[in-house]
Amino acid sequence: MASTDNKRVANNTWSNIYGRVPTVGPDKMKVTFCTDMDKSVIVYNFEKRGWTQVSPEDDWNFYWAVTQSCRNIFSVETGYRMADNQTINHFPNHYELTRKDLLVKNIKRYRKDLEREGNPLAERGDGPGKYLHLDFIPVTFVLPADYNMFVEEYRKSPQSTWIMKPCGKSQGAGIFLINKLSKLKKWSREARNPFNPNLTKESYVISRYIDNPLLIGGKKFDLRLYVLITSFRPLKAYLFKLGFCRFCTVKYDTSIQELDNMYVHLTNVSVQKHGDEYNSLHGGKLSVQNLRLYLESTRGKAVTEKLFANISWCIVHSLKAVAPVMANDRHCFECYGYDIIIDNKLKPWLIEVNASPSLTSTTVNDRILKYKLIDNIVSVVLPPDGVPDVRWNKCPSQEAMGNFELLIDEELVAQDERENPGKYRNSSSKWK
């Protein structure tokens, strides 16, 4: 009896810290899972649900895969055909959103498509290439393809700073800032150097650097937000409420001397953790809830609400931009890591989207957050009985959503319109 009570207390403890810990009934189907990642945050969550770990070669129901494994499964060569009771954590061509060059291409195409339709969302702003409502990514070009267009833009304001990023890398790798065309020409010459044959194969994006970021304590930061997609057509997206800010360890400085100091300019934890000023207790992180409280007290509630509404707006329209080209496989879901910078006018800018946001925990709070994230993801993407089934309508209950909130569900909107004709006809809602 005592051991049963102890078990109940232990389960309650885990439940309070990490979220719900479902129990497995005797008549419930046994779920099998596999993963390529050696992360306790994943394995712990799945085993707590009573799932059994198997290898990718065995019969599995739930696969938490790295992107390469997912590509292999969906490639024509393997001929793998997924069953109705299988679910995997990436869409076949997730890179349409997460490769920096493709994200930019898809957003530009989305703007043009809306413009062609005469949609008011595509209303132009002052100057070429400017949009009133869809201006949520910095001016960006793909190199070497758009080199001439970039030079033309650069010459309009030769004192501006630009940031170069390799299209297919993450965690701050290969990033540098330029403020002179000569620096870019030098990079281009080195890239063509026969001693660097790999560089010629790699394309880069070059974006206007957001040189007026909102600072807290004199330091630059960005937001890492988790966005869960269960379907692209119709679009069903959820925002995890427990996102966080990532801070630079060195105070922001726009001087030329600090142009190459990545501890001033890059917020990636993978970069900052090597700095002398890095604090391993809080990991240079601040919760989104605390950011909201700080902004409400310093800038006011109304502008803070507007900022967070604009962040949601920017996420939804980035997803709408890629929805037409996504392979919308019903076996798939995906949790993207959105990186957003807020400027000192409280305007959010979408910097990039990650297909495999880090599940490594740098602090205790980080570990608790990521346990909750995985637990809540599984509850949202699976039917109420906890067994994968592609025939399910992907409409989770409020309780199942946990710390996720609904960003958009086009199916529910369409249903509401059918039941209430004309409800959205005169609406100024930007979600339409």
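These notebook entries record what I looked up in the structure.

**Entry 1: basis**

I worked from a predicted model, in which local features need pLDDT of at least 70 and side-chain atom pairs count only at pLDDT 80 or more, while totals for chains, interfaces and linings use all residues. Residues are numbered from 1 along each chain as its sequence is written, and side-chain values use heavy atoms, with hydrogens and water left out. I took helices (H or I, at least four residues) and strands (E, at least two) as DSSP runs, numbered from the N terminus. I counted two strands as paired if DSSP finds at least two bridges between them.

**Entry 2: the parallel sheet**

I looked up an open sheet of four strands, and I noted the order E2-E1-E3-E4 with parallel pairing. Strand E2 (52-53) and strand E4 (87-88) stand at its edges with a single partner strand each, so one side of each has no neighbour in the sheet. I then followed strand E3 (residues 62-64), which pairs with E4 in the parallel sense over two bridges. Phe62 stands opposite Thr87 in E4.

Contact here means heavy atoms within 4.5 Å.

**Entry 3: H2 against H12**

I turned to helix H2 (residues 40-48) and helix H12 (residues 364-381), which pack at an angle of about 50° with their axes 9 Å apart. That makes H2 oblique to H12; angles under 35 degrees count as roughly parallel, over 145 as roughly antiparallel, 65 to 115 as roughly perpendicular and the rest as oblique. I listed Ser40, Val41, Tyr44, Asn45 and Phe46 in H2 as meeting Lys370, Tyr371, Ile374, Asp375 and Val378 in H12. By class, the residues of this contact of H2 with H12 are six nonpolar, two polar and two charged. In this scheme Ala, Val, Leu, Ile, Met, Phe, Trp, Tyr, Cys and Pro count as nonpolar, Asp, Glu, Lys and Arg as charged, and the others, Gly among them, as polar.

**Entry 4: the antiparallel sheet**

I found that four strands form an open sheet in the order E5-E8-E6-E7, with antiparallel pairing. Strand E5 (140-143) and E7 stand at the edges, each with a single partner strand, so one side of each is left without a neighbour in the sheet. On average, neighbouring strands of this sheet are turned by 25° against each other, direction ignored.

I examined strand E6 (residues 162-166) and noted that five of its five residues are buried, where buried means under 20% relative accessible area, exposed over 50%, and partly exposed in between (1.4 Å probe, protein chains only). Trp162, Met164 and Pro166 point one way from E6, and Ile163 and Lys165 the other way. In a regular strand the side chains alternate between the two faces of the sheet.

E6 pairs with strand E7 (residues 176-178) in the antiparallel sense over three bridges. In E7, Phe176 is the bridge partner of Met164, and Leu177 is that of Ile163. Five bridges join E6 to strand E8 (residues 204-208), and the two run antiparallel. Trp162 stands opposite Arg208 in E8.

I also noted that H5 lies across E5, E6 and E8, running at about 130° to E5.

**Entry 5: H11 and its partners**

I recorded that helix H5 (residues 100-116) and helix H11 (residues 301-322) pack at an angle of about 90°, with their axes 8 Å apart. H5 and H11 are therefore roughly perpendicular to each other. Asn106, Ile107, Arg109 and Tyr110 of H5 make the contact with His317, Lys320, Ala321 and Val322 of H11.

Helix H10 (residues 288-298) packs with H11 at an angle of about 140°, with the axes 8 Å apart. H10 and H11 are therefore oblique to each other. By class, the contact of H10 with H11 has five nonpolar, one polar and four charged residues.

**Entry 6: two buried residues**

I checked Ser69, which lies in helix H3 (residues 67-74). Is Ser69 buried or exposed? Ser69 is buried, with a relative accessible area of 15%. Leaving out residues up to four places away in sequence, Ser69 touches Asp36 and Tyr63.

Lastly, I checked Thr98 in helix H4 (residues 95-98). At 15% relative accessibility, Thr98 counts as buried. Not counting residues up to four places away in sequence, Thr98 touches Tyr336, Val353, Asn354 and Ala355.

Conventions:
Axes are lines fitted to C-alpha atoms, for helices over the stretch in contact, and angles run from 0 to 180 degrees between N-to-C directions.
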